[in-house]
Amino acid sequence: MRNKIGLNIHSGRINGDLELLKRDIRALAQAGFDVAEIPVHGVDAVVNGHLRVGRAKQVKEILNGFDLEYTVHAPDRLNLRDFQYPDVHRKVFAASIQFTAAIGAKTFVYHQGRLKSNDSDVTEEEAREIEVDELSDLGKLATSEGVTVCVENIHSSITHLMKLLESVGEESVKMCYDFAHSYINSKKFGYDFLRSVQLAKPYIRHAHVNDNFGKGKPESAPPYIEAMPLGIGDLHLPIGWGCIPYEDVFRAMAGYDGIYILELQERFFENGYSMLKGVLQDLREMLERVEAERVESAGQADG
Ligand SMILES: [Zn+2]
């Protein structure tokens, strides 16, 4: 089985510029990727919780010009545990699901919510219950739009996210496992990274891959040019640059037939697109090596 491999369109790099969106999509298509993950915020699709229908059409027209599959990433700050402006977060979420359907995509990725320390009159438990409730509701909207909401681990453990999804209990609300975030968190919280991949497998419908050194926090880091030499934080490096054991990750993921989205820092889109081609080739070869090894050992077991 051959997994589809995608690349993120970098929201900060595109920054509302649809010509640049077109250029980057053309580059990733030429490099040989199968999928592009489109950020709702990078293309100015939602204003104050409302979908700009015309803008979504414009984006779709661009996307239709390429033979690629598309998935969608939520604004990074979308947070169902924000109690400063809870209504607008709910609306942005719903508008993002509509955007996903409008461009013909089926997967919408959302970072698991987080209670901010200044929302002190709401407890962690209450915030969790509210997020569960909201996700159940939004999951119904997602079902009616033919979209799967994939909740991505970012600041908490994988078991924490699995329990959240259990509580939501909607077929349309599953997991986006981000291995890079989890690797850093496994060091911070002291859980077994590879075991968490195995445990999470039944929930995983989408996956993010990139490399780092397991240092710092996924959600905050020094400025990139300072963090890179020190190897601190969620560096969004090509696979093989950091120390995440990706061959073991892919062994643990055997049977997963979904997409792997390579989420790279925006500097890797510079220096021409030859870099993207090389980075994709390395990842494809690693996946093929692991798959060949699995087929061979299955053959030995049969014989
Ligand atoms: Zn991610």
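This is a predicted model: local features need pLDDT of at least 70, side-chain atom pairs count only at pLDDT 80 or more; totals for chains, interfaces and linings use all residues.
Local features need pLDDT of at least 70, side-chain atom pairs count only at pLDDT 80 or more, and totals for chains, interfaces and linings use all residues. Residues are numbered from 1 along each chain as its sequence is written, and side-chain values use heavy atoms, without hydrogens or water.

Helices here are DSSP runs (H or I, at least four residues), numbered from the N terminus. Helix α4 (residues 86–102) packs against helix α5 (residues 124–145) at about 20 degrees, with the axes 10 Å apart. Axes are lines fitted to C-alpha atoms over the stretch in contact, and angles run from 0 to 180 degrees between N-to-C directions. The two helices are therefore roughly parallel (angles under 35 degrees). From α4, the contact (heavy atoms within 4.5 Å) uses R90, F93, A94, I97, Q98 and A101. From α5 come E134, L135, L138, L141, A142 and E145.

Helix α7 (residues 179–189) is largely enclosed by the rest of the structure, because 8 of its 11 residues are buried. Buried means under 20% relative accessible area, with a 1.4 Å probe and protein chains only. The buried residues are F179, A180, H181, S182, Y183, I184, N185 and S186. At the start of α7, a side-chain oxygen of D178 lies within 3.0 Å of the backbone nitrogen of A180. G190 follows α7 and has a positive phi, near 80 degrees.

R13 sits in helix α1 (residues 11–14). R13 is buried, at 11% relative accessible area. Its side chain makes a 2.7 Å polar contact with that of D24 (N or O atoms within 3.5 Å, one able to donate a hydrogen and the other to accept it; sequence-adjacent residues count only if both are side-chain atoms). Beyond four places in sequence, R13 also touches residues including E266, F269 and Y273. The C-alpha atoms of R13 and F269 are 9.1 Å apart, across 256 residues of chain.

How values were computed:
Angles under 35 degrees count as roughly parallel, over 145 as roughly antiparallel, 65 to 115 as roughly perpendicular and the rest as oblique. Buried means under 20% relative accessible area, exposed over 50%, partly exposed in between (1.4 Å probe, protein chains only).
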